[in-house]
Amino acid sequence: MLQLDFASILTVVLPVYLTMATGAAVRKLGILPAEADAGMMRLAVKVLTPCLILERVVGNEAVMKPGPVLIAAGLGYALVALGIAISYFAAPLIGLQKHEGRRTFAVTCGMQNYGFVAIPIVTALFPENGTLGVMFTFTLGVEMACWTAGVGLLTGLGNAPWKLAINPPVITILTSLLLNFTGLHVYIPQVIHNTLGMMGACAVPLAVMIIGASIADIWGQERMRWSVAILAPILRQFILPLGFLAAAFYLPLEVELKRILIVQGAMPSAVFTIMIARHYGGHAPTAVQCVIATTVVSLVTAPLLIAWALKVVGV
């Protein structure tokens, strides 16, 4: 593992943001047209990411028993739901009320970028397969929180599209865990693992570039509301990470899960929440402002927080 100081962790975090910036640049240069985004993201989410999950979860010694998996998924759900609740009650501090962006602000601040931004950071900091495999079990809970606590806040729990939580990555995680729990993972030949690894390696850079291109598209479309741009990073980068850190510090968890909690807590708001706001009756400009503000601020805060928390927790 890299030394746990700001400079060395910055070398891990910075390439993710540079890849994002590359996506923004190729969009502005016309190399990556917006029309290609949907198809490329479907490829990343429905094909390449499942390959990455299968390669990192199947046969992973850290996720062979149901108990640790349930704990990881439970924490994923609980911490996101808690983040949404805290953000919801904090929103009136800047004048946000229902139908004026309060619920969207809560969902966007409460949902960290748990996937394509976190994956390369976890992989670089902790290259052993066990840690990334555990992160995928954590994201099971995050997915469930997204489509229940998150979208449910926007639409009402009775109207939340819960079935969307059963998507290709989630199905792949559950399938991988089933192979592990039943012992069938030993029958998967190495050539399949190698093929999955090669295809899965394409998922993250492709998706991160599309995220960068998407941010470039929305940058400047809406007039920045500075109260949102200030409070969102305060919550997402300073207050909500305390819950992740407390869980990592006080709970008797495996080392891999403690590491995941630290990285997840340092992440900016998920770009995906902009789409959620647009499709489920939210206030899209508020989501855009939260995502841009937290992403920009996290370039500095993420390596600082990760370096500090890893030392505090001792992992």
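Let me begin with Phe 238, which is placed in helix α10. Keep in mind that this is a predicted model. Phe 238 belongs to a nonpolar patch on the surface, together with Leu 82, Ile 86, Trp 226, Ile 230, Ile 234 and Ile 239. Those residues have about 690 Å² of accessible area together. Two helices, α3 (66–90) and α10 (226–239), each supply at least two residues of the patch. The most comes from α10, with 5 residues.

Is Ile 84 buried or exposed? Its relative accessible area is 5%, and the cut-off for buried is under 20%, so Ile 84 is buried. What is Ile 84 in contact with, leaving aside neighbours within four places in sequence? The list is Ala 106, Val 107, Gly 110, Ala 149, Gly 150 and Leu 153. Take Gly 150 from that list: Ile 84 and Gly 150 are 66 residues apart in sequence, yet 7.2 Å apart in space, C-alpha to C-alpha.

Next is Thr 148, in helix α6, residues 129–155. Thr 148 has 13% relative accessibility and therefore counts as buried. Beyond its neighbours within four places in sequence, Thr 148 is in contact with Tyr 77, Leu 153, Leu 157 and Trp 162. Leu 153 is also among the contacts of Ile 84.

Now the aromatic rings. A pair of rings is described by the distance of the centres and the angle of the planes. The count for this model comes to 4 aromatic pairs. One of them is Tyr 88 with Phe 89: the centres are 5.5 Å apart and the planes stand at 85°, so the pair is edge-to-face. Tyr 88 is partly exposed, at 22% relative accessibility, whereas Phe 89 is exposed, at 63%. Another pair is Trp 147 with Phe 272, with centres 5.7 Å apart and planes at 70°, so this pair is edge-to-face too. That pair links distant parts of the chain, since Trp 147 is in helix α6 and Phe 272 is in helix α13 (residues 272–279), 125 residues apart. Trp 147 is buried, with a relative accessible area of 6%, while Phe 272 is partly exposed, with 30%. Trp 147 and Phe 272 form one aromatic cluster with Tyr 280.

Back to Tyr 88 for a moment. The charged end of Arg 102 sits over the ring of Tyr 88, 3.8 Å from the ring centre.

Last topic, charge pairs. Side chains of opposite charge can pair when their charged atoms come close. How many salt bridges does a search of the whole structure find? It finds 3. In one of them, Arg 27 meets Asp 37 at 2.2 Å, N to O. Arg 27 lies in helix α1 (residues 6–28) and Asp 37 in helix α2 (residues 37–57), so the pair ties together parts that are 10 residues apart in sequence. Both Arg 27 and Asp 37 are buried. Arg 27 also forms a salt bridge with Asp 217, with the closest N and O atoms 2.9 Å apart. Here the link is between distant parts of the chain: Arg 27 in helix α1 and Asp 217 in helix α9 (residues 203–218), 190 residues apart. Asp 217 is partly exposed, with a relative accessible area of 28%. Shared partners join Arg 27, Asp 37 and Asp 217 into one network of salt bridges. There is also a salt bridge between Arg 56 and Glu 55, with the closest N and O atoms 2.9 Å apart, and both of these residues are buried.

Technical notes:
Residues are numbered from 1 along each chain as its sequence is written. This is a predicted model: local features need pLDDT of at least 70, side-chain atom pairs count only at pLDDT 80 or more; totals for chains, interfaces and linings use all residues. Side-chain values use heavy atoms; hydrogens and water are left out. Patches are made of residues with over 30% relative accessible area and no salt bridge: like charges are joined within 9 Å, nonpolar side chains (Val, Leu, Ile, Met, Phe, Trp, Tyr) within 5 Å. Accessible areas come from the Shrake-Rupley method with a 1.4 Å probe; for residues, only the protein chains shown count as cover. A salt bridge is a side-chain nitrogen of Lys or Arg within 4 Å of a carboxyl oxygen of Asp or Glu. Helices (H or I, at least four residues) and strands (E, at least two) are DSSP runs, numbered from the N terminus. Buried means under 20% relative accessible area, exposed over 50%, partly exposed in between (1.4 Å probe, protein chains only). Contact means heavy atoms within 4.5 Å. Rings of Phe, Tyr and Trp (its six-membered ring) pair if their centres lie within 6.5 Å; planes under 30 degrees apart count as stacked, over 60 as edge-to-face and the rest as tilted. A charge sits over a ring if NZ of Lys or CZ of Arg is within 6 Å of the ring centre and within 35 degrees of the ring normal.
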